[in-house]
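Subject: Structure handover

Hello,

Here is the structure for you to take over. My notes on it follow below.

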Amino acid sequence: MGQDGFRPEEIDTSRPHPARVYDYLLGGKDHYEVDRRAGDELVAVAPEARIGVRANRAFMQRAVRYVVGSGVRQILDIGTGLPTSPNVHEIAREVAPDVRVAYVDNDPIVNVHAGALLGDSGASSIVLADLRDPRAVVDHPDVRRVIDFGEPVALLLVAVLHFLTEAERPGRIVATLRDALPAGSFLVLSHATGDFADRTSAQAVYDKASATMNLRSRAEVERFFDGFELVEPGLAQVPFWRPDTPPPAGSGEIGFYGGVARKAG
Ligand SMILES: C[S@@+](CC[C@H](N)C(=O)[O-])C[C@H]1O[C@@H](n2cnc3c(N)ncnc32)[C@H](O)[C@@H]1O
């Protein structure tokens, strides 16, 4: 039995799931035949997808170091994905050992694997909840056990918002989360885009997945930062956000925007 009463055998292997496709592209081992097929289809139509997911993951790592280096000691990571070392808490605690992390994902397989990895630590929690119900995330007892909303929080929405359709009103969802955060909190966000290459075929690979892919333009992604102030260099393709090594060849094609922003007081 996994946490929150989910059983591993309830995991849906009939269609691709974003967490498992992503894990496959990253070279992980927690995926099924449907996920590998979707990942291969994706790479066939968008060859930069493999370096794109790695660049997204590297962006997340740099952004976590940045926010913890800025003094934040609590992280709410929604759409956390399958554990991939180094995970958010490992990166954060290299900078400051007392960082607390609440991981949230709506995929039971993530809950099972991350729960097994994290164990029952007072400094972290893994919660099965859905970003589309942001109040339920913020009010979840296992989020509240780790996160004190009276102190600055780094909210991570890394490669997750593109799984929400416009009808699900992602802007309203981000605003609800923003309003729960005190001044001095940070938003770390990355998002898939078709701004650098036609990605209609890549998007179509997700039509039969458990969540659709909704590419957004620069202006649409920037709107998610309403109420926050973007730190330098603003919204950028992920390999170009404060790189600490030269961006890999082909980075100009990578269809992920990333940015970090601070909620002003
Ligand atoms: C592409 S992975 C990103 C993982 C990690 N944030 C990273 O960037 O390395 C997207 C994750 O978001 C999760 N997800 C998708 N829709 C979600 C939703 N509505 N609520 C919570 N999690 C969601 C998926 O299950 C998956 O684990």
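Serine 217 is partly exposed, at a relative accessible area of 24%. The model is a predicted one, so please read everything here as computed from it. Serine 217 sits in the loop that runs between helix H9 (200-205) and helix H10 (218-223). Leaving aside residues up to four places away in sequence, Serine 217 touches Thr193, Asp195 and Tyr257. Between serine 217 and valine 112 there are 34 Å in space, C-alpha to C-alpha, and 105 residues in sequence.

**Helix H5**

Valine 112 belongs to the buried set of H5, which also holds Pro108, Ile109, Val110, Asn111, Ala114, Gly115 and Leu118. Helix H5 spans residues 108-118 and is mostly covered, with eight of its 11 residues buried. What do the buried residues of H5 pack against? The partners are helix H1 (18-26), helix H4 (88-95), strand E2 (100-105) and strand E3 (124-128).

**Helix H8**

In helix H8 (residues 170-180), the buried residues are Pro170, Ile173, Val174, Leu177, Arg178 and Ala180. They lie on the same side of H8, because the arc they cover around the axis is only 160 degrees. As a general point, an α-helix has 3.6 residues a turn, so residues three or four places apart point the same way. The cover over the buried residues of H8 includes strand E1 (74-78), helix H6 (134-139), strand E4 (154-158) and strand E5 (186-192).

**Backbone points to check**

- With 15% relative accessibility, alanine 159 counts as buried, because the cut-off for buried is under 20%.
- Arginine 169 is partly exposed, with a relative accessible area of 49%.

There are also cis peptide bonds:

- The bond from serine 85 to proline 86 is cis, with omega near -5 degrees. Proline 86 is in the loop between E1 and H4.
- The bond from glutamate 232 to proline 233 is cis, with omega near 5 degrees. Proline 233 is in the loop between strand E6 (229-230) and strand E7 (236-237).

**The ligand**

How many residues surround the ligand, and which are the closest? There are 20 residues around the ligand, and the closest are Tyr22, Arg57, Gly79, Asp105 and Asp130. By class, the shell consists of 10 nonpolar, five polar and five charged residues.

In asparagine 56, an N or O atom of the side chain is 3.0 Å from an oxygen atom of the ligand. For aspartate 105, the distance from a side-chain N or O atom to a ligand oxygen atom is 2.6 Å. With aspartate 130, a nitrogen atom of the ligand takes part, 2.8 Å from an N or O atom of the side chain.

On its own the ligand has 600 Å² of accessible area, and the protein covers 97% of that. H1 and helix H3 (49-69) are the elements that give two or more residues to the shell around the ligand.

Regards

Definitions and conventions:
Residues are numbered from 1 along each chain as its sequence is written. This is a predicted model: local features need pLDDT of at least 70, side-chain atom pairs count only at pLDDT 80 or more; totals for chains, interfaces and linings use all residues. Side-chain values use heavy atoms; hydrogens and water are left out. Buried means under 20% relative accessible area, exposed over 50%, partly exposed in between (1.4 Å probe, protein chains only). Helices (H or I, at least four residues) and strands (E, at least two) are DSSP runs, numbered from the N terminus. The arc is that of the directions from the helix axis to the C-beta atoms. Contact means heavy atoms within 4.5 Å. A residue is near a molecule or strand if one of its heavy atoms lies within 4 Å of it. A polar contact is a pair of N or O atoms within 3.5 Å; within protein, one must be able to donate a hydrogen and the other to accept it, and residues adjacent in sequence count only if both atoms are side-chain atoms. Accessible areas come from the Shrake-Rupley method with a 1.4 Å probe; for residues, only the protein chains shown count as cover. Ala, Val, Leu, Ile, Met, Phe, Trp, Tyr, Cys and Pro count as nonpolar, Asp, Glu, Lys and Arg as charged, and the others, Gly among them, as polar.
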